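Trainee: I would like a close look at one part of this model. Please take the salt bridges and go through them one by one, with their surroundings.

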Amino acid sequence: MTATTKTDRVSAEMLEMALLLSKHKVLSAQDLGQIKALCSPPPVYLPERVAQIRIQKAKMSQTVFAGFLNVRPSTVQKWESPASGKHPGGAAAKLLQLIEKKGIEALAV
């Protein structure tokens, strides 16, 4: 079993348990929402969307943005290039999702 498969299984079980707890009024709607957000996979980020988040939300150069995401500047360049076919995944995609929803300030603590 791969790490991704194991993670998907654990997330699915955690979400199922949260739904049951919520149904029995043991878990608040707010907590259920947070668990759903944690368990759901991040969206697929196409090159235009990555560039839009970096330019409009973060207002950063590729180099500075890469530093915030803890990736190399060349990685951000590949994500923003339609010809590369590369897309952010895993933790980087979750961080992009957070920046898109809450702004870069969510990471600058």
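Predicted model: local features only at pLDDT ≥ 70, side-chain atom pairs only at ≥ 80, totals over all residues.

Start with Arg9 and Glu13. Their side chains meet in a salt bridge, at 3.3 Å from N to O. Both residues sit in helix 1, four residues apart, so about one helical turn separates them. Arg9 has a relative accessibility of 40%. Buried would need under 20% and exposed over 50%, so Arg9 counts as partly exposed. Glu13 is at 43% and is likewise classed as partly exposed.

Next, take Glu100 and Arg49. They form a salt bridge, and their closest N and O atoms are 2.9 Å apart. This pair links distant parts of the chain. Glu100 belongs to helix 6, residues 90-102, while Arg49 belongs to helix 3, residues 47-58. The two are 51 residues apart. Glu100 has a relative accessible area of 23%, which makes it partly exposed. Arg49 is partly exposed too, with a relative accessible area of 28%.

Then there is Arg54 with Glu80. Their side chains meet in a salt bridge at 2.6 Å, N to O. Arg54 lies in helix 3, and Glu80 lies in helix 5, residues 73-80. The pair therefore ties together parts that are 26 residues apart in sequence.

Arg9 and Glu13 are both in helix 1. Glu100 and Arg49 bring in helix 6 and helix 3. Arg54 and Glu80 bring in helix 3 and helix 5.

Last, go back to helix 1, which covers residues 3-23 and includes Ser22. Ser22 has a relative accessibility of 17%, so it counts as buried. Which residues does Ser22 contact, leaving aside its neighbours within four places in sequence? They are Leu27 and Leu32. Look at Leu32 again. Ser22 and Leu32 are 10 residues apart in sequence, and their C-alpha atoms are 6.9 Å apart in space.

Terms used:
Residues numbered from 1 in each chain as written. Heavy atoms only, no water. Buried < 20%, exposed > 50% of the residue type's maximum accessible area, 1.4 Å probe, protein only. Contact = heavy atoms within 4.5 Å. Salt bridge = Lys/Arg side-chain N within 4 Å of Asp/Glu carboxyl O.
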